[in-house]
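Subject: Structure for your files

Hello,

Here is the structure I said I would pass on. My notes follow below it.

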Amino acid sequence: MGFELKPCPGVHGLLWGYALEINPEMPRERLAEIVASIDSYLAERDRVREEAIRLARDVVRSAGWAVTAVHKGSMEEAWRHLGEAEEKARRLLELTRPYPELYYSGMVYNAVSEYVEARVFMDLITGRGLPGPGELGVQPVPYLQGLGDVVGELRRLALEMVRHGRFDVAWRLLDAMEQIYLQLRGLDYPDALAPGVRRKADAARRLVDDTKALLVDLENRHKLTVELRMLRGAGGGGQDPGGGQGLH
């Protein structure tokens with residue numbers, strides 16, 4: 001079994017004077033045992049991966065519906081969808097936690113970040129404060145990814161507030177956008193450590209700048225429109241109520 005090196009005095013250049021005596025023997029049962037063990041390992045992970053894919057899709061779908069319901073003004077519907085997203089996200093993390101290659105994968109990170117985005121967005125706009133990753137039970141990196149995406153939803157809501165003439169609320173939403181950007185900007189880590197975070201910070205900066213310029217322009221136009229209406233009203237109020245018919 002195995003091989004051994006034997007001196008070979010008259011032979012040079014062959015393993016420094018040694019010749020191999022090969023005696024192969026394949027332990028078939030041991031080989032089958034090793035491969036079967038690996039097969040079981042991979043089959044279990046494949047099963048978990050398929051279930052994780054299904055849960056991740058459900059999380060993304062429910063979180064998206066929650067945000068959409070907010071913009072439609074249907075808060076009861078939004079909270080219901082958020083509850084579904086939270087439940088599926090919790091199950092996803094519990095399922096994949098024993099398997100680091102899945103738990104820290106882009107698939108799980110993406111789903112968790114969508115849940116974080118919906119939860120943080122809804123908590124902020126309803127005055128419930130800002131939940132952290134520990135409170136939500138999520139990993140730090142997808143929390144930051146979701147936090148970065150909140151900026152876009154705050155912008156959408158700010159523009160909706162402008163449409164209803166609520167510039168005061170729009171400016172407060174812009175302030176929240178800017179605060180998120182300023183915090184993300186300070187995280188200078190490579191993508192290998194915090195994938196996507198720097199890119200989201202750059203996108204947040206553009207959204208903040210564009211929204212600020214837009215709000216300034218729209219508010220000035222709104223003020224001008226109001227002033228013109230007041231002037232027209234004042235001018236109309238100064239006319240002769242008798243229609244210029246003179247004294248009777």
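This is a predicted model: local features need pLDDT of at least 70, side-chain atom pairs count only at pLDDT 80 or more; totals for chains, interfaces and linings use all residues.

Glu51 and Arg54 form a salt bridge, with 2.6 Å between the closest N and O atoms. The two are three residues apart in helix 1, so about one helical turn separates them. In total, the structure holds 22 salt bridges.

Next, the helix packing. Helix 2 (residues 75-96) packs against helix 4 (residues 106-125) at an angle of about 145 degrees, and their axes are 10 Å apart. The crossing of these two helices is left-handed. On the helix 2 side, the contact is made by Met75, Ala78, Trp79, Leu82, Ala85, Glu86, Ala89, Leu92, Leu93 and Thr96. Helix 4 contributes Val108, Ala111, Val112, Tyr115, Ala118, Arg119, Met122 and Asp123. Sorted by class, the contact has 14 nonpolar residues, one polar residue and three charged residues.

Regards

Conventions
Residues are numbered from 1 along each chain as its sequence is written. Side-chain values use heavy atoms; hydrogens and water are left out. Axes are lines fitted to C-alpha atoms, for helices over the stretch in contact, and angles run from 0 to 180 degrees between N-to-C directions. Helices (H or I, at least four residues) and strands (E, at least two) are DSSP runs, numbered from the N terminus. A crossing is left-handed if the near helix is turned anticlockwise from the far one by less than a right angle, and right-handed if clockwise. Contact means heavy atoms within 4.5 Å. Ala, Val, Leu, Ile, Met, Phe, Trp, Tyr, Cys and Pro count as nonpolar, Asp, Glu, Lys and Arg as charged, and the others, Gly among them, as polar. A salt bridge is a side-chain nitrogen of Lys or Arg within 4 Å of a carboxyl oxygen of Asp or Glu.
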